[in-house]
Amino acid sequence: MSLRAPPSSTSSSCSLFPLCPGLHSASRARLPLSVAFPTRIVRCSLLQDQVSVNGGAGSRVSDRNELRLGLPSKGRMADDTLDLLKDCQLSVRKVNPRQYVADIPQLSNLEVWFQRPKDIVRKLLSGDLDLGIVGLDIVSEYGQVTFDILIRFDILKCTVLLTVTQIPKYGIFENINSMDELARMPQWTAEKPLRVATGFTYLGPKFMREKGLKHVVFSTADGALEAAPAMGIADAILDLVSSGTTLRENNLKEIEGGVVLESQTVLVASKKSLVHRKGLLDTTHEIIERLEAHLRAVGQFTVVANMRGNSPDEVAERVLSQPSLAGLQGPTVSPVFCKRDGEVVVDYYAIVICVPKKELYKSVQQLRAIGGSGVLVSPLTYIFDEETPRWQELLGKLGL
Ligand SMILES: Nc1ncnc2c1ncn2[C@@H]1O[C@H](COP(=O)(O)OP(=O)(O)OP(=O)(O)O)[C@@H](O)[C@H]1O
Ligand SMILES: O=P(O)(O)OC[C@H]1O[C@H](OP(=O)(O)OP(=O)(O)O)[C@H](O)[C@@H]1O
Ligand SMILES: [Mg+2]
């Protein structure tokens, strides 16, 4: 199998991400400060001794005071991420769409930097960002050897994506439906290996090796990979699948055992920054708490209803007799006071429960069946629990 050399297992960001591998320090020192192109002048505002590739030492903690969160500057995740933060009352304030720095007024001393997803992971590793929101696929691909310096929290709201091996539905693949069958095809030899096109040049070879494919070569492209088999460039591809439309429209099929990774949006933190950067732990705590409380709340409605009854216990018993009305820890039942013939009396009780969105109508029917009226339904913003499991998990990982 022809594989790209695996990245070095040291945490040096220079060896992990050589943007200009050929540029050694001697030639760097001679870099001109402005470079002339035929149509325009591009001025580099770098001081000569600052010119280096991706900052050098891996996961350093620079002496800046501000905390930095990286968010996707473009692509499918960009808007979803901003919407999610807005829903958590952490709206990002951006002066104009082309500006790459912003802030979140609720979180003081935090800078938001908009970056391409893969650059967010690179900059977390190099210490230029402290936190980031990206796809797990990107973290696994670009942060592969350094999970010990990154800490991840799953944000379950966004679409789960699969990175999957895909082959044509036609020709020699017509009856091939699993990775085992693909591996056993006699066509793949040292002289004529299986050609796989993928953007996942680290995860792809690793996966194929684990699946026992011996004769494989990889090619890569920046996008539209599904075209590669029909163009005759590849036999199979390894790419993301979300709705499955692109795969279908290009006459490809997923195969059994071909899932490399289930991806979703994750919040990632640099472990070194968490330990050393003042204030980061508190800010991360707040972000995690808000995300967790919000993600718990998005699937629920608050339902308030009035119910005639003789006592809170009797009303509670009626409510709890219905399968969809138990709420999170049971109903809150409070007396509704009104004045009759000059006297304050309690004929009704107000009950408050949380109801899963999917079960709303069923719950309203059950409420009516036990005498509920005046049912008010409102969305929930947060459900804060006593404990934040993800926060506890983080403290555990940091040994705190
Ligand atoms: N079809 C999709 N549905 C939902 N999310 C997706 C989809 N495709 C990609 N993503 C997510 O969006 C993230 C970025 O993908 P995107 O296509 O925007 O950038 P890219 O092409 O990988 O990078 P770049 O364009 O910067 O080179 C990925 O981490 C992935 O998790
Ligand atoms: O299953 P689907 O919902 O169709 O989505 C999957 C497609 O989306 C992404 O590509 P994108 O549209 O970002 O274009 P690109 O490959 O050119 O980057 C991904 O690379 C798949 O091709
Ligand atoms: Mg694509």
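F384 is partly exposed, at a relative accessible area of 48%; on this scale buried means under 20%, exposed over 50% and partly exposed in between, using a 1.4 Å probe and counting protein chains only. What does the ring of F384 pair with? Its partner is Y382: the two ring centres are 4.9 Å apart and the planes meet at 35°, so the pair is tilted. The rule here is that rings of Phe, Tyr and Trp (its six-membered ring) pair if their centres lie within 6.5 Å, with planes under 30 degrees apart counted as stacked, over 60 as edge-to-face and the rest as tilted.

Before going on, a word on the model. It's a predicted one, so local features need pLDDT of at least 70 and side-chain atom pairs count only at pLDDT 80 or more, while totals for chains, interfaces and linings use all residues. Residues are numbered from 1 along each chain as its sequence is written, chains are lettered from A and ligands numbered from 1 in the order in which they are written, and side-chain values use heavy atoms, with hydrogens and water left out.

Back to the rings. A search of the whole structure turns up two aromatic pairs. F173 sits in the loop between β8 (161-168) and α6 (179-184), and W188 in the loop between α6 and β9 (194-198), so the pair ties together parts that are 15 residues apart in sequence. (Helices, H or I of at least four residues, and strands, E of at least two, are DSSP runs numbered from the N terminus.) Both F173 and W188 are buried.

Rings also turn up under charges. A charge sits over a ring if NZ of Lys or CZ of Arg is within 6 Å of the ring centre and within 35 degrees of the ring normal. The charged end of K94 does this over F114, 3.9 Å from the ring centre. K357 likewise lies over the face of F301, at 5.3 Å from the centre of that ring.

Now for the ligands. Ligand 1 has 13 residues around it, and G75, R76, R116, D137 and I138 come nearest; a residue belongs to such a shell if one of its heavy atoms lies within 4 Å. Which side chains make polar contacts with ligand 1? K74 puts a side-chain N or O atom 3.1 Å from an oxygen atom of the ligand, R76 has a polar side-chain atom 2.9 Å from a ligand nitrogen, and a side-chain N or O atom of D137 is 2.8 Å from a ligand oxygen. A polar contact is a pair of N or O atoms within 3.5 Å; within protein, one must be able to donate a hydrogen and the other to accept it, and residues adjacent in sequence count only if both atoms are side-chain atoms. The protein covers 77% of the 620 Å² of accessible area that ligand 1 has on its own, by the Shrake-Rupley method with a 1.4 Å probe. Elements giving two or more residues to this shell are α3 (76-87), α4 (117-126) and α5 (136-142). As for α4, its buried residues are I120, V121, R122, L124, L125 and S126, and the helix is followed by G127, whose phi is positive, near 90°.

Around ligand 2, the shell includes R76, E226, D239 and S242. A side-chain N or O atom of E226 is 2.5 Å from an oxygen atom of ligand 2, and a polar side-chain atom of D239 lies 2.8 Å from a ligand oxygen. S242 uses its backbone instead, with a polar atom 2.8 Å from an oxygen of ligand 2. β11 (236-241) and α9 (245-249) are the elements that give two or more residues to the shell, and β11 has the largest share, three residues.

A224 is also in the ligand 2 shell, and its phi is positive, about 50°, although it is not a glycine. A224 lies in the loop between β10 (216-219) and α8 (228-231), and is exposed at 64% relative accessible area. N251 has a positive phi too, of about 60°, and is not a glycine either. N251 is in the loop between α9 and β12 (252-263), partly exposed at 41%.

Last stop, R277. It falls in the loop between α10 (271-276) and α11 (280-297). Is R277 buried or exposed? R277 is buried, with 6% relative accessible area, and a polar atom of its side chain lies 2.9 Å from the backbone oxygen of R64.
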